[in-house]
Amino acid sequence: MAKGVALVTGGGRRIGAEITTSLIADGWYVLVHVRSSQKEASVLLESKKKPSGGAAGEVIVADLATDEGLAHLIEQTHAALKGQNADGLGVLVHNASIYKSKAYESVSLDELRLNTRIHLEVPFMLTQALVPVLKAVNGCVIGMIDTSLGRSWEGLSHYTSTKAGLRQLMMNLAGDLAPEVRVNCIAPGAIMAAPWEAEHFASVIERVPLGRGGSPQDVAKALMFLVQSEYLSGQVINVDGGWSVAP
Ligand SMILES: NC(=O)c1ccc[n+]([C@@H]2O[C@H](COP(=O)([O-])OP(=O)(O)OC[C@H]3O[C@@H](n4cnc5c(N)ncnc54)[C@H](OP(=O)(O)O)[C@@H]3O)[C@@H](O)[C@H]2O)c1
């Protein structure tokens, strides 16, 4: 018997895959949303099958840049809950994200809209659509943000400003959805470099008090702490080796 059902957006690779892995290890049946990482997610779920042969979760494919994709994810989530005879959704993780550097002067309206779409609009509408099933089992929602709050990250205005929207949405919902649903954020620091920032990443790590980049496991561990801590809501945990308080 699974502990309950969890949904992780962008859960097929990188940090999302580690979150999926940790939730499965904790006994959750995980709905792994992907856009393009279908194969990675299927291989991951196959490797986590129970000794009885029971599935550890299922993959839902949806491009969240489109309204049809979002509607499909919502519909498939409800269908999966029904298929599992689940009373509701225990965990919702807003992990899907886009991260590309571009000088502020050259960011187009379409690029800004896509960042707003993935980081703010989708978490807003997806959570709203799932409120009844979250409330039904006193579920929790976790937004994956970052440690840019109050700082200027060169070439990332479109990313940091829309992640700030997600942060504030989560804090607002911690009030709006209480007392049934808890809402928190994880703010990773320098964990996994994007291909374009490998050089920049080394210089960031030099400024991290703990002297190293974090691992996806460090992030997943903090996320599981939020899942398991029933008196925590409206909190942001920086998983950044102290980077956010470094001079
Ligand atoms: N990596 C870090 O060091 C770091 C630092 C600070 C914050 N964070 C945050 O932590 C989270 C995980 O980081 P990450 O680096 O592992 O994330 P990531 O690789 O940049 O993105 C996660 C997933 O988002 C999905 N995604 C992108 N566009 C999508 C779309 N249009 N529709 C549906 N899904 C879409 C992708 O799924 P597919 O692969 O299936 O296409 C991707 O695997 C993110 O929210 C990120 O902002 C990470």
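**Reading helix packing and ligand contacts in a predicted model**

A: In this predicted model, the axes of helix H4 (residues 109–136) and helix H5 (residues 157–176) come within 8 Å and cross at roughly 15°.

Q: What describes two packed helices?

A: Two packed helices are described by the angle between their axes and the distance between the axes. For H4 and H5, the crossing angle is roughly 15°. Angles under 35 degrees count as roughly parallel, so H4 is roughly parallel to H5. The crossing in which H4 passes H5 is right-handed.

Q: Which residues of H4 and H5 make the contact?

A: On the side of H4, the contact is made by Leu112, Asn115, Thr116, His119, Leu120, Pro123, Phe124 and Thr127. On the side of H5, the residues are His158, Tyr159, Thr162, Lys163, Gly165, Leu166, Leu169 and Leu173. Sorted by class, this contact of H4 with H5 holds 8 nonpolar, 7 polar and 1 charged residues.

Q: How may the pair H3 and H4 be read, and at what angle do their axes cross?

A: The reading again starts with angle and distance. The axes of helix H3 (residues 67–83) and H4 come within 11 Å and cross at roughly 30°. H3 and H4 are therefore roughly parallel to each other. Their crossing is right-handed. From H3, the contact draws on Asp67, Leu70, Leu73, Ile74, Thr77, His78 and Leu81; from H4, it draws on Arg117, Val122, Met125, Leu126, Ala129, Leu130 and Val133. The classes in this contact of H3 with H4 are 10 nonpolar, 2 polar and 2 charged residues.

Q: Why are H1 and H7 described as oblique to each other?

A: The answer lies in the crossing angle. The axes of H1 and helix H7 (residues 216–228) come within 9 Å and cross at roughly 45°. H1 and H7 are therefore oblique to each other. The crossing of H1 past H7 is right-handed. H1 contributes Ile15, Glu18, Ile19, Ser22 and Leu23 to the contact, while H7 contributes Pro216, Gln217, Val219, Ala220, Leu223, Met224 and Val227. By class, the contact of H1 with H7 has 9 nonpolar, 2 polar and 1 charged residues.

Q: Is the phi of Arg14 positive or negative, and where is Arg14 placed?

A: Phi is a backbone angle to be read residue by residue. Phi of Arg14 is near 50°, a positive value in a residue other than glycine. Arg14 belongs to helix H1 (residues 14–25).

Q: How many residues surround the ligand, and which are the closest?

A: The ligand is surrounded by 27 residues. The closest are Arg13, Arg14, Arg35, Ser36 and Ser37. Individual atom pairs may then be examined. A backbone N or O atom of Arg35 lies 2.8 Å from an oxygen atom of the ligand. For Asn95, a backbone N or O atom lies 2.9 Å from a ligand oxygen atom. In Ser97, a polar side-chain atom lies 3.0 Å from an oxygen atom of the ligand.

Q: Is the peptide bond from Ala178 to Pro179 cis or trans?

A: A peptide bond is read from its omega angle. The bond from Ala178 to Pro179 is cis, with omega near 5°. Pro179 is found in the loop between H5 and strand E6 (182–188).

How values were computed. Residues numbered from 1 in each chain as written. Predicted model: local features only at pLDDT ≥ 70, side-chain atom pairs only at ≥ 80, totals over all residues. Heavy atoms only, no water. Axes fitted to C-alpha atoms, helices over the stretch in contact; angles between N-to-C directions. Helix = DSSP H or I, 4+ residues; strand = E, 2+ residues; numbered from the N terminus. Parallel < 35°, antiparallel > 145°, perpendicular 65-115°, else oblique. Left-handed = near helix turned anticlockwise from the far one by under 90°. Contact = heavy atoms within 4.5 Å. Nonpolar A, V, L, I, M, F, W, Y, C, P; charged D, E, K, R; others polar. Near = heavy atom within 4 Å. Polar contact = N/O pair within 3.5 Å; in protein donor to acceptor, adjacent residues only side chain to side chain.
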